[in-house]
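Please keep the sequence and the structure at hand while reading.

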Amino acid sequence: MTEGQSLLDRIKHLIELESFTLPVLSDAGFKLRALASDPDCDLRQVEPLIMRDQALAAEVLRTANSAFFGGLSETNTISKAIARIGLQQLTKVVFMASERSKYQARDPLLQPMVQAIWLHATASAMAADWLTRRRSSSQHEEAFLGGLLHDIGELVLLRALDEFRSSEGSNFTLSVELVDEVLTSAHTDVGFNFLKQRRIPEVYCGLARDHHKEAFDPRDTLMVMIRLADLAVRKLGLGLLADPSLALANSPEAACLDADEIMFAELEIMLEDCTLSSV
């Protein structure tokens, strides 16, 4: 048994304990989803939800003034920011802002890795959402959340390693190589089990488990888009597994979606604009 396998057994046991949790989403995201589904929604109902959370209000203003949404003049009120972004996109901003609190680690070796997977998760969510809209698909909400959650196993493992390292103190030493071995070998199964145990809808559990499998169903459009979004983000170097040599247009996922070089160039521009504005 390798050191990585031995460590993995111990942290899997930690993850299975009832005491192991991730911070939950704020209820603002779920309230906004309910409002967004109401065709008679008044945007004036939304502003008080945002104003209750100082960090969330700042994130909404930042997004409204980003390169992706920015107009000719600066938006300096929440009401104007909501009008510029739109309710559907605002819901995504709220989810990302509330998710971000999960991506923290005390260990100095792990914190940059946690931040890298946060960048990968948010970029994947934006890429998957963009792909569905480009193809006029109705799955944009599932694609966005799928992009955000597909690699959650990496976050769970890093948070567990952080707790384990904190409890063991100087008796346990982590290395980048050891962490990489654990993440590579286990993040898909750990992500699936973590979501399954928390009764997250099956579609997201399946995305977490199967998004790296060599064989996939080309008729499963949502899975194809999540896989393609993941590849596009990796090509741009956003996350732990950067690979600028990836030829997206030659991938089997691209063939399934009839995606060409022009489409990928537009996707890369969108991702660069969004990720640069969020740094």
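Buried here means under 20% relative accessible area, exposed means over 50%, and partly exposed covers what is in between. The model is predicted. Its chain has 279 residues, and 49% of them count as buried. The chain holds 14 helices and zero strands.

**Fold and surface**

- Read along the sequence, the pattern is α-α-α-α-α-α-α-α-α-α-α-α-α-α.
- Among contacts in the chain with a separation of 6 or more, 67% come from residues 24 or more positions apart.
- The chain has an accessible surface of about 13900 Å², and carbon and sulfur atoms account for 51% of that area.

**Nonpolar cores**

- The largest nonpolar core has 73 residues, and the members that touch the most others are Leu-7, Ile-11, Leu-157, Leu-158, Leu-267 and Leu-271.
- Helix H7, residues 110-134, gives the most to this core, with 13 residues.
- Another core, of 18 residues, lies apart from the largest one, and Ile-50, Ile-82, Val-93 and Val-94 are among its members.
- Which residues does Ile-11 touch, not counting those up to four places away in sequence? They are Leu-157, Ala-160, Leu-161, Phe-164 and Val-182.

**Ser-124 in helix H7**

- Ser-124 is found in helix H7, and it counts as buried because its relative accessibility is 1%, under the 20% limit.
- The side chain of Ser-124 reaches the backbone oxygen of His-120 at 2.8 Å.
- With neighbours within four places in sequence left aside, Ser-124 is in contact with Gly-147, His-150, Ala-229, Asp-230 and Val-233.

**Salt bridges**

- Side chains of opposite charge can pair when their charged atoms come close.
- How many salt bridges does a search of the whole structure find? The search finds nine salt bridges.
- Arg-165 forms a salt bridge with Asp-107, with the closest N and O atoms 3.4 Å apart.
- This pair links distant parts of the chain: Arg-165 is in helix H9 (residues 152-168), while Asp-107 is in the loop between helix H6 (87-99) and H7, 58 residues apart.
- Is Asp-107 buried or exposed? Asp-107 is buried, because its relative accessible area of 10% falls under 20%.
- Arg-165 has a relative accessibility of 24%, so it counts as partly exposed.
- Glu-266 and Arg-134 meet through their side chains in a salt bridge, at 2.3 Å from N to O.
- That pair also links distant parts of the chain, with Glu-266 in helix H14 (residues 261-278) and Arg-134 in helix H7, 132 residues apart.
- Glu-266 is partly exposed at 33% relative accessibility, and Arg-134 is partly exposed at 39%.
- Lys-196 forms a salt bridge with Glu-202, where the closest N and O atoms are 2.5 Å apart.
- Lys-196 counts as partly exposed at 43% relative accessibility, and Glu-202 is partly exposed with a relative accessible area of 41%.
- Arg-209, Asp-210 and Lys-213 are linked in a network of salt bridges.

**Ser-98 in helix H6**

- Ser-98 lies in helix H6.
- Ser-98 is buried because its relative accessible area is 11%, under the 20% limit.
- The C-alpha atoms of Ser-98 and Leu-56 are separated by 7.7 Å, while the two residues are 42 residues apart along the chain.

**Cysteines**

- How many disulfides are counted, given a cut-off of 2.5 Å between cysteine sulfur atoms? The count comes to zero disulfides.
- Cys-205 has 0% relative accessibility, so it counts as buried.
- Cys-256 counts as partly exposed, because its relative accessibility of 28% lies between the limits of 20% and 50%.

Conventions: Residues are numbered from 1 along each chain as its sequence is written. This is a predicted model: local features need pLDDT of at least 70, side-chain atom pairs count only at pLDDT 80 or more; totals for chains, interfaces and linings use all residues. Side-chain values use heavy atoms; hydrogens and water are left out. Helices (H or I, at least four residues) and strands (E, at least two) are DSSP runs, numbered from the N terminus. Buried means under 20% relative accessible area, exposed over 50%, partly exposed in between (1.4 Å probe, protein chains only). Contact means heavy atoms within 4.5 Å. Accessible areas come from the Shrake-Rupley method with a 1.4 Å probe; for residues, only the protein chains shown count as cover. A disulfide is a pair of cysteine sulfur atoms within 2.5 Å. A nonpolar core is a set of buried Ala, Val, Leu, Ile, Met, Phe, Trp, Tyr and Cys residues joined through side-chain atoms within 4.5 Å. A polar contact is a pair of N or O atoms within 3.5 Å; within protein, one must be able to donate a hydrogen and the other to accept it, and residues adjacent in sequence count only if both atoms are side-chain atoms. A salt bridge is a side-chain nitrogen of Lys or Arg within 4 Å of a carboxyl oxygen of Asp or Glu.
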